[in-house]
Amino acid sequence: MKSDHELGMGRDITRRDFLQDSTLAALGLLAPMSAHAGQHGVVTGYPASGGRYYPPTRTGLRGSHPGSYDVAHALAREGRSFKTAQPTGEAFDLVVVGGGISGLSAALYYQDRFGKNARILILENHDDFGGHARRNEFHQGGEMRLALGGVHNLEYPSYSRVARGMLDRLGIDIDTLKRKTGFRYGGEGRGERSVYFDEESYGRRVLLKGVTLSNNSLIGNVDAVRQMPLSDEARQRLERFVMMDEHVMADHGWAEVEARLRAMPYFDFLREYGGLDDECVALFNNRTHGGEGFDAINLSAFEALEINLPGWNLLGQGVDYDDGWDYQMVMFPDGNASVARLMVRALIPAVSPGADFDNIAVADFDYGQLDRASHPVRLRLNATAVHVSNTPDGVAVNYASGGKTLGVTARHCVMACYHSIIPYLCPDLPEAQREAQRYQVKSPQLLTNVLLRTDEAVRRSGTSSVECPGRMHSRIYRWRGNTAGGYAQGALDNEGGPIDLVFWGSLEAPAGDYTLKERLRASRSRMLALTFEDYEREVRSVLDGLYGPYGLDVRRDVLAVTVNRWPHGYAYFYTDLWDPAFDDGAYPHQLASKPFGNITMANADAAADAYTHVAIDEAYRAIGELSDG
């Protein structure tokens, strides 16, 4: 393993946390984006054009960045009380807690119902809006490169009438996006999908091209298995498994087969019927990180097979099995951050007067306009809601910002934050509802962007996407090809020059006999405990082993690193092995999202499904549940 010096850890790249003082972070003493009621001017943040506050250019630890969660942890973990607040004198029609897709949608739907002049305040604990739909910008290589900070796709075939109506309202044209979405998770035709075995984990470096660890790529592919750096016994077991073609439950009808598969852990299925050992099944453990948000060990055999993990050859569907899966989605060059930008533009036109669907990816955004007293809608960054309660006249909302606890009032409040924090923000909720909210433990997610000086080594490697069993990030993608919103860089034919690589996944839970929720919490704790240098060392080590043989010099060629960590990432969804069969109406997400006086809930958790269209639908529902009084 190379030293930090050999990996270039000491190089002068823009990568440090924007907040270094841990004492200030613990106290929540972050400078607000702009002063309240427009009385004290704009506080400058990380320098962008003209030194303006512009968080998308920040590198280092992003996502849930240092300072964004300290107050919430003081509330939830330490039992700190924030019931007493200094009144700001501000009164609104609506306060939205959370500036993500659902919170922004809620503000738009509130305007539809109560008028364009309704006074709305959106509180966001992070230093940028969009929630997980976060924008990353790189300027270190010259022209701007856009990258993913979180939520990726618009899975348009699944959109309800309401969600599709929101796209239409924002001017988002799906047909145009289809033509301008060149990124296909490694299926773009420029290089091959591959699997990388690193020397540190497997004893020697092996890059298998044209192979993935999916069912329809691995089953029958004994040549690929023979090249894997496994022990002799494990490799022989895997060779036998991939060539098996039988129905191990042929004596049962499909209904009973499905019931058996749903009750059996996936790894037990592979061991019992496929003859695999622990070394073999470990290959597949982190392959679910991007899509499911947690380790494959948590899945039933049925759930694993449904997402194309190996094993269909044990059910009579043979080595010629074709899943027939066509992932229909479209993307902006910065993921769904452009959707969030279009929403903010609709709510606060002054942030980007000329922005629309055709130029949103490159339009100038003036963060100094977000929290102006003269605007009906105000978006207040670095402001963490700490106490929300019903009053005879509406709601009282306290929030922490700049080391102070401040209070505002409103007719209504929409809680557009994740469910498991709401019991601490709204202690007056019925205990059954608070318990239902605690039930929904979110899955940690990690998206790390690395800007390389040139794409030459990546092109020489012949890879388009790379699976990394056993590493912190389960997959690596070349982020190139999406040209919507006026963005020209990143086209498939624009080779040469800087390139962004997206490292995607989660963090494996510790080995042992744990429940799913225990594993999710352990992954979250590990994610928060790691420093930026830990993440940087990981990506540099992987880059050196993977692309070093093709000419990459990690000391010279890494221009910037941005780590988007989301400890509370994907919404909790119900699984075969870890959740009972609830009656309709009694599911935790249904109980958790019930309105409470003048307070309603809007988030992806409210549908137990981590998608943008779900967040939009739930915002529509939440606004519809508010009283007219």
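Predicted model: local features only at pLDDT ≥ 70, side-chain atom pairs only at ≥ 80, totals over all residues.

**Nonpolar cores**

The largest nonpolar core holds 57 residues, and Ile172 and Phe332 have the most contacts inside it. Elements that contribute two or more residues include strand 2 (86-97), helix 4 (101-114), helix 15 (337-347) and helix 23 (612-624). Helix 4 gives the most, seven residues. Beyond its neighbours within four places in sequence, Phe332 is in contact with residues including Leu154, Ile172, Leu342, Phe357 and Trp479. A separate core of 49 residues has Val206, Leu238, Phe241 and Ala304 among its members.

Helix 23 has 13 residues and spans 19 Å from its first C-alpha to its last, close to the 18 Å expected at 1.5 Å a residue. Among its buried residues are Val614, Ala615, Ile616, Glu618 and Ile623. The cover over the buried residues of helix 23 includes helix 4, helix 5, helix 15 and strand 12 (404-415).

Eight strands make up an open sheet with mixed pairing, in the order 1-17-13-16-15-14-6-7. Strand 1 (60-63) and strand 7 (206-209) are the edge strands, each pairing on one side only. From one strand to the next, the twist averages 25°. Strand 6 (residues 192-197) pairs with strand 14 (residues 463-467) in the parallel sense over four bridges, and Glu192 stands opposite Thr463 in strand 14. Helix 20 (residues 532-547) packs on the sheet, and its direction makes about 120° with that of strand 17 (558-570).

**Salt bridges**

The count of salt bridges comes to 42. Three of them are listed here.

| Pair | Closest N to O |
|---|---|
| Asp4 and Arg537 | 2.8 Å |
| Glu467 and Arg287 | 2.9 Å |

Asp4 lies in helix 1 (residues 4-7) and Arg537 in helix 20, so this pair ties together parts that are 533 residues apart in sequence. Asp4 counts as partly exposed because its relative accessibility is 32%; Arg537, at 23%, is also partly exposed.

Is the pair of Arg378 and Glu90 buried or exposed? Arg378 has 1% relative accessibility and therefore counts as buried. Glu90, at 8%, is buried as well; the cut-off is under 20%. Arg378 is in strand 9 and Glu90 in strand 2, 288 residues apart.

Glu467 and Arg287 are both buried. Glu467 sits in strand 14 and Arg287 in the loop between helix 13 (278-281) and helix 14 (301-306), 180 residues apart.

Technical notes
Residues numbered from 1 in each chain as written. Heavy atoms only, no water. Core = buried A, V, L, I, M, F, W, Y, C linked by side-chain atoms within 4.5 Å. Buried < 20%, exposed > 50% of the residue type's maximum accessible area, 1.4 Å probe, protein only. Contact = heavy atoms within 4.5 Å. Expected span 1.5 Å × (residues − 1). Pairing = 2+ DSSP bridges. Axes fitted to C-alpha atoms, helices over the stretch in contact; angles between N-to-C directions. Salt bridge = Lys/Arg side-chain N within 4 Å of Asp/Glu carboxyl O.
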